[in-house]
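Take a look at the chain below. This report walks through its fold, piece by piece.

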Amino acid sequence: MARILVPKRPFGLALNFRNSQLSEKCISFLGTSLRDPRMYLTALDLRYCYPTFEDILLLSDAITLNTTLVKLDLSNKGL
């Protein structure tokens, strides 16, 4: 997964984690990747993933530093 997240040249990458149970390690890795300036993530789908409050905080910190993300789907979170 790390190789996919750090492309050799810029291009739009969309990640779909819909209906996934994301572990704490996965959320942490995603947060670290979003902070990386080489990360060209344009869309992130987290529908029906039910992250914890701590997961949301970690991702929100990372997303504020990411300059390429244009679409973020957090619908149906159950929070």
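## A buried cysteine

Cysteine 49 has a relative accessibility of 8%, so this residue counts as buried. The model is a predicted one, and every value here is computed from it.

What about disulfides? A disulfide is a covalent bond between the sulfur atoms of two cysteines. The count for this model is zero disulfides. Cysteine 26 is in none, and the nearest cysteine sulfur, that of cysteine 49, lies 9.0 Å away. A disulfide requires the two sulfur atoms to be within 2.5 Å. Cysteine 49 is likewise in no disulfide, with the sulfur of cysteine 26 as the nearest cysteine sulfur.

## The overall plan

The protein chain has three helices and three strands. From the N terminus on, the elements run α-β-α-β-α-β. Of the 79 residues in the chain, 34% are buried.

Take contacts between residues at least 6 apart in sequence: 85% of them join residues at least 24 apart. The chain exposes about 5400 Å², and carbon and sulfur atoms supply 56% of that area.

## The sheet

Three strands form an open sheet, in the order S1-S2-S3, with parallel pairing. Strands S1 (13-16) and S3 (71-73) stand at the edges. Each has a single partner strand, so one side of each is left without a neighbour in the sheet. From one strand to the next, the twist averages 10°.

How many bridges join S1 to S2? There are four, and the two strands run parallel. Asparagine 16 has aspartate 45 in S2 as a bridge partner. Strand S2 (residues 41-45) is also joined to S3, by three bridges, and this pair runs parallel too. Here leucine 44 has leucine 72 in S3 as a bridge partner.

## The nonpolar core

In soluble globular proteins, nonpolar side chains tend to be buried together. In this model, the largest nonpolar core has 15 residues. Those with the most contacts inside this core are Leu15, Phe17, Leu30, Leu34, Leu41, Leu44 and Leu46.

Where do core residues come from? S1, helix H2 (24-35), S2 and helix H3 (53-65) each supply at least two. H2 gives the most, with three residues.

## A buried aspartate

Aspartate 55 lies in helix H3. Is aspartate 55 buried or exposed? At 11% relative accessibility, aspartate 55 counts as buried, because the cut-off is under 20%. Aspartate 55 and glycine 31 are 24 residues apart in sequence. In space, they are 9.1 Å apart, C-alpha to C-alpha.

## Two loop residues with positive phi

Asparagine 19 sits in the loop between S1 and H2. The phi of asparagine 19 is near 60°, a positive value in a residue other than glycine. With 60% relative accessibility, asparagine 19 counts as exposed.

Tyrosine 48 is in the loop between S2 and H3. The phi of tyrosine 48 is near 60°, a positive value in a residue other than glycine. Tyrosine 48 has a relative accessible area of 36%, so this residue is partly exposed.

Note on methods: Residues are numbered from 1 along each chain as its sequence is written. This is a predicted model: local features need pLDDT of at least 70, side-chain atom pairs count only at pLDDT 80 or more; totals for chains, interfaces and linings use all residues. Side-chain values use heavy atoms; hydrogens and water are left out. Two strands pair if DSSP finds at least two bridges between them. Axes are lines fitted to C-alpha atoms, for helices over the stretch in contact, and angles run from 0 to 180 degrees between N-to-C directions. A nonpolar core is a set of buried Ala, Val, Leu, Ile, Met, Phe, Trp, Tyr and Cys residues joined through side-chain atoms within 4.5 Å. Buried means under 20% relative accessible area, exposed over 50%, partly exposed in between (1.4 Å probe, protein chains only). Contact means heavy atoms within 4.5 Å. Accessible areas come from the Shrake-Rupley method with a 1.4 Å probe; for residues, only the protein chains shown count as cover.
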